[in-house]
Amino acid sequence: MTNAETAPFQFFSLQVDRTRRLGPSLVRVTFTGGASQAEGPGGEGLKNFASGGRDQSLSLFLPHPGQDAPVLPPLDDPDMYAILGAWRAMPDDERAVMRSYTVREQRTEPTPEVDIDFAIHEDGGPACRWAHSAKPGDRVVVLGPAVVQNTGVRFQFPEDADSVLIWADETALPAASAILEWLPAETRARVFLEVPYSGDRMELATQADATVTWLVREEGAPTALDAVRAAELPGESPYVWIAGESGAVKALRRHFVGERGLDRRRVTFVGYWRKGLSEDALREVPDETQDEA
């Protein structure tokens, strides 16, 4: 059993407070605490939620069309693995849809709130469709962080790093934006953000000494690899964070480790999605971003 008071991740029952379109490809959904089907360790809404910032990830459980709330086992078992096991045993067309997302921002005052930004596209899956029609009062459940230092934060800036290079596509734009806000003042940063449309450009808050290049597909921008290959690294001892479509992430990692000679331990890479595969299908195939360069 896991002690609910010290578990790094807990279930939280939330509801939509409001939504806002950020551009053609992103919708921001703001959540507050909500009543659960069975009050568990996270039954008091966001009371124990503790995001580590940066690219903090969580698991989002959504209802199927026609359901009022995501269908999950009772959340009163302190062992989250037991709950997950019971959820997996449910029929696919009944159990809640689970997808991985980034905590864009957490606020504790005046009302506890959490923002999640959803990438929206025409042939999107169930989470994309849900975000399109989300309205105040809609209920979800998240398996999220209850301690600030947790394994859901992949961006770990080394103490001896003097700079950072970031590449993200639209699915990783929320994480990249949160990382930029977190970076200490005057940190040198070279940032490449790949998005589908010109309207997806946005103002990014940061105290870092950041040079941001928007790679807009509808404007004929170069590929991620071509753009990064032509750029100089921002410092003598850089840290690299790349996230987005798995094929692009794989190519970029090979470039940094194989062509640039960076220590692989200084390159954090996360495949958020893969062309032609749903997240469910992606979980069933080997993660090619993990191969050795």
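**Exercise 1. Is D115 buried, partly exposed or exposed, and what is its relative accessible area?**

*Solution.* Step 1: the structure is a predicted model, in which local features need pLDDT of at least 70 and side-chain atom pairs count only at pLDDT 80 or more, whereas totals for chains, interfaces and linings use all residues. Residues are numbered from 1 along each chain as its sequence is written, and side-chain values use heavy atoms, with hydrogens and water left out.

Step 1: apply the cut-offs, namely buried under 20% relative accessible area, exposed over 50% and partly exposed in between (1.4 Å probe, protein chains only). D115 has a relative accessible area of 3%, so this residue is buried.

**Exercise 2. Identify the salt bridges of R107 and the network that contains D115.**

*Solution.* Step 1: a salt bridge requires a side-chain nitrogen of Lys or Arg within 4 Å of a carboxyl oxygen of Asp or Glu. Side chains of opposite charge can pair when their charged atoms come close.

Step 1: R107 and D115 meet through their side chains at 2.8 Å, N to O. R107 also forms a salt bridge with E105, where the closest N and O atoms are 3.5 Å apart. E105 has a relative accessible area of 32% and is therefore partly exposed.

Step 2: consider a further pair. The side chains of D263 and R265 form a salt bridge of 2.7 Å, N to O. D263 is partly exposed at 31% relative accessibility, and R265 is exposed at 71%.

Step 3: The structure holds 16 salt bridges.

**Exercise 3. Describe two aromatic pairs and the parts of the chain that they link.**

*Solution.* Step 1: rings of Phe, Tyr and Trp (its six-membered ring) pair if their centres lie within 6.5 Å; planes under 30 degrees apart count as stacked, over 60 as edge-to-face and the rest as tilted. Ten aromatic pairs are found in the whole structure.

Step 1: F11 and F61 form a tilted pair, with 6.0 Å between centres and 45 degrees between planes. This pair links distant parts of the chain, as F11 lies in strand β1 (residues 9-23) and F61 in strand β3 (residues 57-62), 50 residues apart. Strands (E, at least two residues) and helices (H or I, at least four) are DSSP runs, numbered from the N terminus. F11 and F61 are both buried.

Step 2: Y101 and F118 form another tilted pair, 4.6 Å centre to centre with 45 degrees between the planes. Y101 is buried at 17% relative accessible area, and F118 is buried at 0%.

Step 3: Y101 and F118 belong to one aromatic cluster with F31 and W130.

**Exercise 4. Determine how the buried residues of helix α2 are arranged and what they pack against.**

*Solution.* Step 1: helix α2 (residues 126-133) has A127, C128, W130 and A131 as its buried residues.

Step 1: viewed down the axis of α2, these residues fall within an arc of 160 degrees, so they line one face of the helix. The arc is taken from the directions from the helix axis to the C-beta atoms.

Step 2: with contact meaning heavy atoms within 4.5 Å, the buried residues of α2 pack against β1, β2 (26-33), β3, β4, β6 and β7 (139-145).
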